Amino acid sequence: MNPRVSIVIPFYNCPYVPQAIQSALNQTYAEVEIIVVNDGSTRHEELLQPYLPHINVLGKSNGGTASALNHGIRHASGDYVAWLSSDDFFYPDKIRYQLEFMQRENVLVSHTNFHYINEHSAVTKMHGGPEPMSELDCLRRFNGGNPVNGCTVMIRKDLFSGVGLFNELLPYTHDLDLWLRMLLNGHRFPYLNEPLTAYRWHGGMGSVRHADAIGREASMVWSRYREPLLQRIAALGG
């Protein structure tokens, strides 16, 4: 039996959500569950209506992306979880290619390359992710950086039982915090150099509106993990 993959889409007042949902429905891999977590939206909820027969919508009070992701993960029935932001979309082979890659590599988590798109869904930059990197290079990049785009990540669900879920006290860098916990627990985080996600860069996105706060929070996360990360880099010969 093929493993099931739960695609979790946090949704909060986002007009692009139909494209995200449609891209999940268009996957060439059949064993997919689509979970939209309505994080207390006050606008654009009607955009979910046409998709209700095909998706599972979970409602909750507004708590931010980390809480929405955790809510979706707790309710996911899949063996694997993929995160899709409501303003991004997956290319049709995303789930199939990445799952095959993880099974070949025998890993519990992976990430991929992506294309940048604008508010009109036009590609503005192809292959926006990093160049292929070794395990040691990946760890080095995490010392003051984050080479992983969260919406390219797929995680085997049972990995969360060992490292925990997203930290809901971190409104902006919950992804960075979780990736570091995974790495420091000894998990490989290989990179599939294939652009399987369209990552939308637009003026209304949190990365633009909250850039200063994100920088401050990221510095706090890096300082928290810097010593064990440097120890792990040294252990690998770095």
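Is Tyr-116 buried, partly exposed or exposed, and what is its relative accessible area? Tyr-116 is partly exposed, with a relative accessible area of 21%. Here buried means under 20% relative accessible area, exposed means over 50%, and partly exposed lies in between, for a 1.4 Å probe and protein chains only.

The structure is a predicted model, in which local features need pLDDT of at least 70 and side-chain atom pairs count only at pLDDT 80 or more, while totals for chains, interfaces and linings use all residues. Residues are numbered from 1 along each chain as its sequence is written, and side-chain values use heavy atoms, with hydrogens and water left out.

## Aromatic pairs and charges over rings

A search of the whole structure finds 9 aromatic pairs. Rings of Phe, Tyr and Trp (its six-membered ring) pair if their centres lie within 6.5 Å; planes under 30 degrees apart count as stacked, over 60 as edge-to-face and the rest as tilted. The pair of Tyr-116 and Tyr-199 is tilted, because the ring centres are 5.6 Å apart and the planes stand at 55 degrees. Tyr-116 belongs to strand 6 (residues 109-117) and Tyr-199 to strand 9 (residues 191-200), so this pair ties together parts that are 83 residues apart in sequence. Helices (H or I, at least four residues) and strands (E, at least two) are DSSP runs, numbered from the N terminus. Tyr-199 is buried, at a relative accessible area of 15%.

Tyr-116 also forms an aromatic pair with Trp-201, and this one is edge-to-face, with 6.4 Å from centre to centre and 80 degrees between the planes. Trp-201 lies in the loop between strand 9 and helix 7 (206-209), so its pair with Tyr-116 in strand 6 ties together parts that are 85 residues apart in sequence. The relative accessible area of Trp-201 is 42%, which makes this residue partly exposed. Elsewhere, ring pairs link Trp-83, Phe-166, Trp-179 and Phe-189 into a cluster.

Charged side chains also lie over rings. A charge sits over a ring if NZ of Lys or CZ of Arg is within 6 Å of the ring centre and within 35 degrees of the ring normal. The charged end of Lys-94 sits over the ring of Phe-90, 4.7 Å from its centre, and Arg-200 lies over the face of Tyr-16, at 4.0 Å from the ring centre.

## Nonpolar cores

In soluble globular proteins, nonpolar side chains tend to be buried together. A nonpolar core is a set of buried Ala, Val, Leu, Ile, Met, Phe, Trp, Tyr and Cys residues joined through side-chain atoms within 4.5 Å. The largest such core has 40 residues, of which Phe-142, Ile-155, Phe-166, Trp-179, Leu-180 and Met-182 touch the most other members. Among the elements that give two or more residues to this core are strand 2 (32-39), helix 2 (65-75), helix 6 (174-184) and helix 8 (211-235).

Contact means heavy atoms within 4.5 Å. Leaving aside neighbours within four places in sequence, the contacts of Phe-166 include Ala-66, Leu-69, Trp-83, Leu-178 and Trp-179.

The buried residues of helix 1 (residues 17-25) are Val-17, Pro-18, Ala-20, Ile-21, Ser-23 and Ala-24. These residues pack against strand 1 (5-11), strand 2 and strand 5 (89-90).

## An annotated span and its end

UniProt, in an unreviewed entry, places the feature "domain: Glycosyltransferase 2-like" at residues 6-158. UniProt positions are given in the numbering used here, feature names are shortened, and annotations may be inferred rather than shown by experiment. The end C-alpha atoms of this span lie 13 Å apart, and the span is 25% helix and 26% strand.

Asp-158 lies in the loop between strand 8 (154-156) and helix 5 (160-163), and Asp-158 is partly exposed, with a relative accessible area of 42%. A polar contact of 3.1 Å joins the side chains of Asp-158 and Arg-156. A polar contact is a pair of N or O atoms within 3.5 Å; within protein, one must be able to donate a hydrogen and the other to accept it, and residues adjacent in sequence count only if both atoms are side-chain atoms.

## Positive phi values

Most residues other than glycine have a negative phi.

| Residue | Phi | Relative accessible area |
|---|---|---|
| Asn-106 | near 55 degrees | 69%, exposed |
| Ser-121 | near 70 degrees | 23%, partly exposed |

Asn-106 is in the loop between helix 3 (94-105) and strand 6, whereas Ser-121 is in the loop between strand 6 and strand 7 (123-125).
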